[in-house]
Amino acid sequence: MNDWTPSIVDPPPSEVGAAAGDELRSVGVIGAGWMGRQVALVNLERGFPVTLVDVSAAALEAAAQWIESERSHQQAGSAGPALCTTIRPDALRACDVIVESVVEDLAVKQPLLAEVEAQVPATALVASNTSSLPISQLASVLTRPERFLGLHFCHPVRQRPLVEVVPGALTTSETTARGVAYARALGKQPLVVGDRPGFLLNRLLTPYLNTAVELLSDGVDAYAIEAAARTFGFPMGPFTFLDEIGLDTALRVGMVM
């Protein structure tokens, strides 16, 4: 497989947990925004306790309320695994897998990932939910880049089966296998892709969104564009998608591309 060729793979016989033979016991999610709370929810729904970390107590409270509301619609008489919310990154020390999902900005992600790596065991799998930033560049500030990779969840996380697994230049095959196994443990379909701007999915998505914006700029009615996209078979119209992921995220991804 060259580093342009995506590969849908089944996990080899390796463990997701901290070391060979361990089970995945706890997951940490950094960032209580729209994507972070969705990632936290799918972990909880698969039975994994989650520690959700954010610098904003207000964001954590809002995320916890949304998550518990969503869980109450799915559960009947069972509390399910625990959700812990905290502003303290050292709470991630007990987590086997940590998924960073903060703003799509290298200047924000790099120091955060370095801080998190210093807090967690050397055996922990640390991943970024970045949708476009180079994994090798994110890993350049880490002391254990071989244990770091990208895990890009698709929006909306509950409904979309694919997770892009993105090894960086120094990511080991064992780490990639753990990323694949973790995606499988969440009931997702792992797609191993090369560490290139936009990976695979945003390389496909960006022309779709750009075309929609160009049509709008040319005077085509936004509702007509949405309807045409849905009729063609897209699960979500381009402007609905842009509204949900945020124009700031779309702009940052576009700049990386």
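This section describes the fold, nonpolar cores, helix packing, cysteines and backbone geometry of a predicted model. Residues are numbered from 1 along each chain as its sequence is written, and side-chain values use heavy atoms, with hydrogens and water left out.

The chain contains 9 helices and 9 strands, assigned as DSSP runs (H or I of at least four residues for helices, E of at least two for strands) and numbered from the N terminus. Of its 257 residues, 47% are buried; the classes are buried under 20% relative accessible area, exposed over 50% and partly exposed in between, computed with a 1.4 Å probe on protein chains only. Contacts are defined by heavy atoms within 4.5 Å. Among contacts between residues at least 6 apart in sequence, 69% join residues at least 24 apart.

In soluble globular proteins, nonpolar side chains tend to be buried together. A nonpolar core is taken here as a set of buried Ala, Val, Leu, Ile, Met, Phe, Trp, Tyr and Cys residues joined through side-chain atoms within 4.5 Å. The largest such core has 30 residues, of which Val29, Leu52, Leu151, Phe153 and Tyr182 touch the most other members. Helix 1 (residues 34-45) contributes the most to this core, with 5 residues. A further core of 22 residues lies apart from it and includes Leu112, Ala124, Phe148 and Phe199.

Beyond neighbours within four places in sequence, Leu52 contacts Val29, Gly31, Ala32, Gly36, Leu60, Ala63, Ile67, Leu83, Cys84, Thr85 and Thr86. Phe153 belongs to strand 7 (residues 148-153) and is buried, at 2% relative accessibility. With residues up to four places away in sequence again not counted, Phe153 touches Met35, Val39, Val99, Asn129, Val163, Tyr182 and Leu186. Asn129 is 24 residues from Phe153 along the chain, and their C-alpha atoms are separated by 6.4 Å.

Helix 7 (residues 222-232) and helix 8 (residues 238-245) pack at about 100°, with axes 7 Å apart. Axes are lines fitted to C-alpha atoms, for helices over the stretch in contact, and angles run from 0 to 180 degrees between N-to-C directions. The two helices are therefore roughly perpendicular, a class spanning 65 to 115 degrees, with under 35 degrees roughly parallel, over 145 roughly antiparallel and the rest oblique. Ala222, Ile225, Glu226 and Ala229 of helix 7 meet Pro238, Phe239 and Thr240 of helix 8. This contact comprises 5 nonpolar, 1 polar and 1 charged residues, where Ala, Val, Leu, Ile, Met, Phe, Trp, Tyr, Cys and Pro count as nonpolar, Asp, Glu, Lys and Arg as charged, and the others, Gly among them, as polar.

The whole structure contains 0 disulfides, a disulfide being a pair of cysteine sulfur atoms within 2.5 Å. For Cys84, the nearest cysteine sulfur is that of Cys95, 8.6 Å away. Cys84 is partly exposed, at 38% relative accessible area, whereas Cys154 is buried, at 14%.

Most residues other than glycine have a negative phi, and most peptide bonds are trans. A cis peptide bond, with omega of about -10°, joins His155 and Pro156; Pro156 lies in the loop between strand 7 and strand 8 (162-167). Phe199, although not a glycine, has a positive phi of about 50°. Phe199 occupies the loop between strand 9 (189-192) and helix 6 (201-217) and is buried, at 3% relative accessibility.

How values were computed: Predicted model: local features only at pLDDT ≥ 70, side-chain atom pairs only at ≥ 80, totals over all residues.
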